[in-house]
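Let's take a friendly walk through this structure. We begin with one residue and its surroundings, then step back.

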Amino acid sequence: MATVGKAALIFALAVAVYGVVVSLVGARTRRRDLVDSGRNAVYALAALTTLAFVLLEVAFLRSDFTFKTVAEHSSTTTPTFYKASASWSSQEGSLLLWLFLLSLWSAAILFATRRRMRDVAPYATAILLGFGAFFAGLLVFSASPFQTLGVAPSEGAGLNPLLRHPSMMIHPPMLYAGYTLFAVPFAFAAGALIARRVDAEWIGVTRRYSLAAWFFLGIGILLGARWSYSELGWGGYWAWDPVENASLLPWLTGTAFLHSVMIQEKRGMLKVWNASLVLATGVLCVLGTFLVRSGILDSIHAFGASTLGVPFVTLIGLMIAGSVWLVTTRRDVLRSEHKLDSAFSRESVFLANNVVLVGVAFVVFWGTFFPLISEAVTGTKSAVGPPWFDQYTVPLVIALVFLSGIGPVIAWRRQTRATARKSFLWPAVAGIGTLVVLLPFGVFDRPAAWLMFGAGALVTGTVVQEFARGVRARRAMSSESVPVALVSLVRRNRRRYGGYIIHLGMALLFVGVAASSAFEEAKDARLSPGQAVNVDGYTLTYAKPTARIDSEAGRIERIVFGAELRVTKDGEAVGVLKPSRGFYPPDDRTFAANPIASFFEGEATSEVAMDAGLRKDLWTAVSPDVGALDGRIRALDEGFTKGIAQAGDQIAPAQVGALIGQALNSVLRSYTDDPPPATFRVIASPMVTWIWLGGIIVFLGAIVSMWPPPKGATRRADAKLLARVSRELGRA
Amino acid sequence: MDVVALLVIILLLGAVVAAVSRPLRGGALDAESADASRVADLLAARDAKYREIRDLELDHQTGKLQDGDFKVQDRALRAEALVILRELDRYGADEPPRDTPA
């Protein structure tokens, strides 16, 4: 199986290099057979990488430890659910996932454009295959997922415990789907510039890919935040971690691109800006992959660290140089076809939105790469923390939400005062009204949150008004019932109303961020059973300790120490929270020295306990004081080692396992019978659930925007339009 | 290396070579003329213009544009659409509008 996988990757590299050459020669000589052969090379690449990916997945699912990567990242005790995702926790597997996804999207877009964009598609093919050749090259020469071991170990090292979370099963593929999907508009934009075909066609052709990239990247970012909140044990969802920032960067520039590209589609304006944005987004996607895989910046993602720096830096350098060269040498064809009609128009708001989004991206970029910059300049690596990021991003994001509230009510080209007064009345009432209503609730010392609530209400008012007006207009023409009119309105204008739903979701999300950041109350307390801590009116009493051993397939997976916390508010019972902390056995499982102590020297993960609701989340994590058990553990280890030495070869491995189990049970009993104090982190955080709900609404809106229109409806609408235009022309 | 793996690899290689060389076996084909590219540009511009006209109508219906402004802008957009249609006529292109989302 490994041999076939290796061969598939070598063929993938060969076919990608071949495809680059024939596509470029075909484009230069205008030979369609060469161009078609290049396109077939993309299909072949997709088939080969699919085969390689399936082979690797099968190896993980079968726990085939002859594969080095399977032995290092999975084990027989890893649940099947996580075995399937363990492949992309490895360097090699994640690079293969990148190539696999890229080849799928490349095949899909080139199949869709096989009879269109004949000038641009060959160059786009060459660029997509160039990416394919790069990643296939890494997989063949630097990080082969099909490397085998001379002697297969009986057990693997297992998946990093931190990654054993449902979000982590989906988070990396979502990010990679986003990164690789953005390669499509990047390739077509570069192709359009090379071919000097910078009209709106490449935008139309790749629009769904750009939206899908934005959609998947957004899901990946949100899942990462959810994982951080519920798995990492510090109680937050966003820490400005370099790798998370790296995924946010292309999402920000991609968001800017999705807005500004509408101006090019409608008005033929901002061509240089759009080309620059999409090219920058493509570069940032590769940079994001590089940051995860290189470990160049210290991050909670250090499990992804490796030494692929030189090839990635070379690729990024080539992409930047090529992009700058293309934009500067194509200035003549990138001239705007129109000028801005008015400063008070949808175009102007989109422009402002773009400036803010790029401003946020710049802040995030600078803060993320500051350690490298400072090291280069001063020789000392120093980093900036969350307060630095918040200082600049908070006002920019408030401005962004405000702009997303006023943009939809302004018409394209120009807005008159009379219609503006009418359009802004109710959204302004919602926004200003919210600010006034909140005044008595102690918002003066948290002005940023207060303004965000106002901006969020403005957006909600705008979206509700737009839907109401649209339904009213529809009913005036068709006398449909309100629900039918609403569905018809959205069906016929998916892009517009999908966008409004996205705005609403983003507003809810940021209101949740503002509320939870500004009004959070957190406390760390060291408690013995019977003692209590008060947080935000809640009383949490440490009722009793808990301890257990989790096993999988007859092997000890981890030891879990936890606590039962009784929660009351104003004397009334609210519920019971059961946070815990899992301690995983050592990777090599030899248990040679100090077998019991080594359980507490390896990885440990928090199992957070939460009482989540629309108003407030009560969040807890526990750090059991396992140090208090040191004496007991040392005594057990000494006795165990002595016993094993006396038994010599007469003791079977299964008996050793049983003895370790007995010793661990004795440790658990010590913990529950005579519990040491445990440290608890308790956080009462308002409206965190709004973040997840807002995210879901954003993604629903994105699906509405991406959904293909009913064929007949658009044809009929366009046919009517064509007839009207034709009549005016005198052709009908 | 076992025989099955070797056979699979040979089959894989054969399939890949057959797939990428297929267009080459039919003899060299010239790409379409520059006219075809221009027609593609025009069709994309026409579809974008239709979308713009529909958006303008919706803006008017939802009260963002007064009647006077709407008429002026609608007339301008239709004139721009006519220019595109005239040029498409010159190329003899009569492709129906593409199914692009509104």
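## A leucine and its partners

Leaving aside neighbours within four places in sequence, Leu48(A) is in contact with Ala8(A), Phe11(A), Ala12(A), Val15(A) and Val16(B) (contact: C-beta atoms, placed from the backbone, within 7 Å). The model is predicted, so local features need pLDDT of at least 70 and side-chain atom pairs 80 or more, while totals for chains, interfaces and linings use all residues. Residues are numbered from 1 along each chain as its sequence is written, with chains lettered from A and ligands numbered from 1 in the order written.

## Nonpolar cores

Leu48(A) and Val15(A) have the most contacts inside the largest nonpolar core, which has 214 residues. Helix H7 (residues 166-194) of chain A gives this core its largest share, 18 residues. A second, separate core of 18 residues includes Ala563(A), Trp619(A), Ala678(A) and Phe680(A).

Such a core is a set of buried Ala, Val, Leu, Ile, Met, Phe, Trp, Tyr and Cys residues joined through C-beta atoms within 7 Å; buried means 20 or more other C-beta atoms within 10 Å of the residue's own. Buried residues make up 54% of the 732 residues in chain A.

## Chain A as a whole

Chain A has 21 helices and 10 strands (DSSP runs of H or I, at least four residues, and of E, at least two, numbered from the N terminus). The C-alpha trace of chain A spans about 105 × 70 × 60 Å along its principal axes. Of the contacts in chain A between residues at least 6 apart in sequence, 77% join residues at least 24 apart.

Notes: A residue is buried if 20 or more other C-beta atoms lie within 10 Å of its own, exposed if 12 or fewer, and partly exposed in between; C-beta atoms are placed from the backbone. Two residues are in contact if their C-beta atoms, placed from the backbone, lie within 7 Å.
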